[in-house]
Amino acid sequence: MATMPSSFATRSGFFDRARQLTETLAWLRLCAVSGQASTVAIVALVFGMAIPVAPLSLGIVTLAVFALFAFWRLRQPWPVSLPEAFGHVAVDIGVLTWLLYFSGGATNPFVSLLVMPIALAAAALPLRYVAAVALLAAACYLLLIPWHVPLPPQHIVGTGDFNLHVAGMAINFTVTAGVLAFFIARLARALREREADVQRERERALRDEGILAIATQAAGTAHELNTPLSTIRTLLAELQREQPAGSALAADLALLSGQAERCRDILRELVAVGSRQLVGTPQRLALPAFVHDCENQFGLLRPEVELRVTLDPDADARVIEAEPNLRHALINLLSNAADASLAAGASTIELGVAADADEVEFRVRDHGTGGGIGPGTGIAFKTSKRDGLGLGLALAHATAERLGGELTAQTLAEGGLLQRLRVPLAAADNRAP
């Protein structure tokens, strides 16, 4: 699977940040509406200042209506474009300029709130949109210097040197600092989460490219192995006929013959997997039969390990449309569990199977130390085993994601590791979101 083009990823990131900015502005408008309405009421009613209440109320109502529209817009399925996000910022600047015009213009202590849209746009929009927001805010500020409705005297009788302008500057600083600290931090956190998601997708793409390269090489290798494997099987059959039954060498030859037959079955299964993949028809099996097949294959691969299988009652009646990769993923998990148990001196592992109407969960538990599973394990080809390749767990993770399921690991307090592989039962649901 090829990685997505960097230009597409950048554009997608800007769209996500534009939506995040639009949502932030919508919440800020609600805060602004309540704060502005309270300020007008206090100044006009409590302090008795002769301010133009009607046009100020019109601006506040307009901002409230636009805030409701913004919340409705965010509930719609189509994405928020960059020009649309800029339009939301422009409306906020326009309404704020209207309110400042009727309340002293550039002499109003709250005029520095024009900086806030610039800061929010800089955290989410491309440079050209940030420059446009800055020019718009600067133009509004410059226009408010000569053209505005002056404020009445701001000294309140009986309060000494108390000045509303100084109090307004203090309130403005507190509001600006709090809003910028909260919402800029929120936008920055969303940006970091987005970058982390992009990094994980990039690692998954690199892993899938590696798996595809290995699969291509494996197909060629399987074709080349067919001839020498046939020769080995023929020679083993001749040697078995020459050895008396019951001898130690006859037992070893029988074991080798069984392993050679297993290799031949694997090659045939590889061809069958490719054929089914091309026609897109999964294998429909009863869930107990699928588990029994995996148990038999694991027993041939790891005869030195005892596998204890437990099927929940609900799992007996379920049918799974099994993709071949699912069987391989489960056997890889069982093999990893066997290695962990053997390393700790144990020779048993456990497989529990639970299912409902939609999903099946395979629970693989070992009796090892519980280590070796880190945050990046399964994304790249990493392994904690001395002779391991790191491929088995990566294949299991990739299979779980491709089928629309998940693979998780949990270290148990009593010792050992519990891995849960959850996938849909129906092939129609076996698609990653």
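How far apart do the end C-alpha atoms of residues 132-150 lie, and how much of the span is helix and how much strand? In this predicted model, the end C-alpha atoms of residues 132-150 are 29 Å apart, and the span is 68% helix and 0% strand. UniProt, in an unreviewed entry, annotates residues 132-150 as "transmembrane region", along with residues 27-50, 56-74 and 162-185. For residues 27-50, the chain is 83% helix and 0% strand, with 30 Å between the end C-alpha atoms.

The packing of helices was examined next. Two packed helices are described by the angle between their axes and the distance between the axes. Helix H3 covers residues 82-101 and helix H5 covers residues 127-144; their axes come within 10 Å and cross at roughly 10°. Because angles under 35 degrees count as roughly parallel, H3 is roughly parallel to H5. The crossing of H3 past H5 is right-handed. On the H3 side, the contact is made by Leu82, Pro83, Phe86, Val89, Ala90, Ile93, Thr97, Leu100 and Tyr101. H5 contributes Arg128, Tyr129, Ala132, Val133, Leu136, Ala137, Cys140 and Leu144. By class, the residues of this contact of H3 with H5 are 15 nonpolar, 1 polar and 1 charged.

Aromatic pairs in the model number 7. One of them joins Phe86 and Tyr129, with ring centres 6.2 Å apart and 55° between the planes, a tilted arrangement. Phe86 belongs to helix H3 and Tyr129 to helix H5, so this pair ties together parts 43 residues apart in sequence. Phe86 and Tyr129 are also both among the residues that make the contact of H3 with H5.

Helix H3 also packs against helix H2 (residues 53-74), where the axes come within 9 Å and cross at roughly 165°. H2 and H3 are therefore roughly antiparallel to each other, and H2 passes H3 in a left-handed crossing. The H2 residues in this contact are Pro55, Leu56, Leu58, Gly59, Ile60, Leu63, Phe66, Ala70 and Arg73. Those of H3 are Glu84, His88, Val91, Asp92, Val95, Trp98 and Leu99. The contact of H2 with H3 comprises 11 nonpolar, 2 polar and 3 charged residues.

Helix H5 has a further contact, with helix H4 (residues 115-122). The axes of H4 and H5 come within 9 Å and cross at roughly 180°, and the two helices are therefore roughly antiparallel to each other. Pro117, Ile118, Ala121 and Ala122 of H4 meet Val130, Val133, Ala134 and Ala137 of H5. This contact of H4 with H5 consists of 8 nonpolar residues, with no polar and no charged ones.

Methods
Residues are numbered from 1 along each chain as its sequence is written. This is a predicted model: local features need pLDDT of at least 70, side-chain atom pairs count only at pLDDT 80 or more; totals for chains, interfaces and linings use all residues. Side-chain values use heavy atoms; hydrogens and water are left out. Axes are lines fitted to C-alpha atoms, for helices over the stretch in contact, and angles run from 0 to 180 degrees between N-to-C directions. Helices (H or I, at least four residues) and strands (E, at least two) are DSSP runs, numbered from the N terminus. Angles under 35 degrees count as roughly parallel, over 145 as roughly antiparallel, 65 to 115 as roughly perpendicular and the rest as oblique. A crossing is left-handed if the near helix is turned anticlockwise from the far one by less than a right angle, and right-handed if clockwise. Contact means heavy atoms within 4.5 Å. Ala, Val, Leu, Ile, Met, Phe, Trp, Tyr, Cys and Pro count as nonpolar, Asp, Glu, Lys and Arg as charged, and the others, Gly among them, as polar. UniProt positions are given in the numbering used here, feature names are shortened, and annotations may be inferred rather than shown by experiment. Rings of Phe, Tyr and Trp (its six-membered ring) pair if their centres lie within 6.5 Å; planes under 30 degrees apart count as stacked, over 60 as edge-to-face and the rest as tilted.
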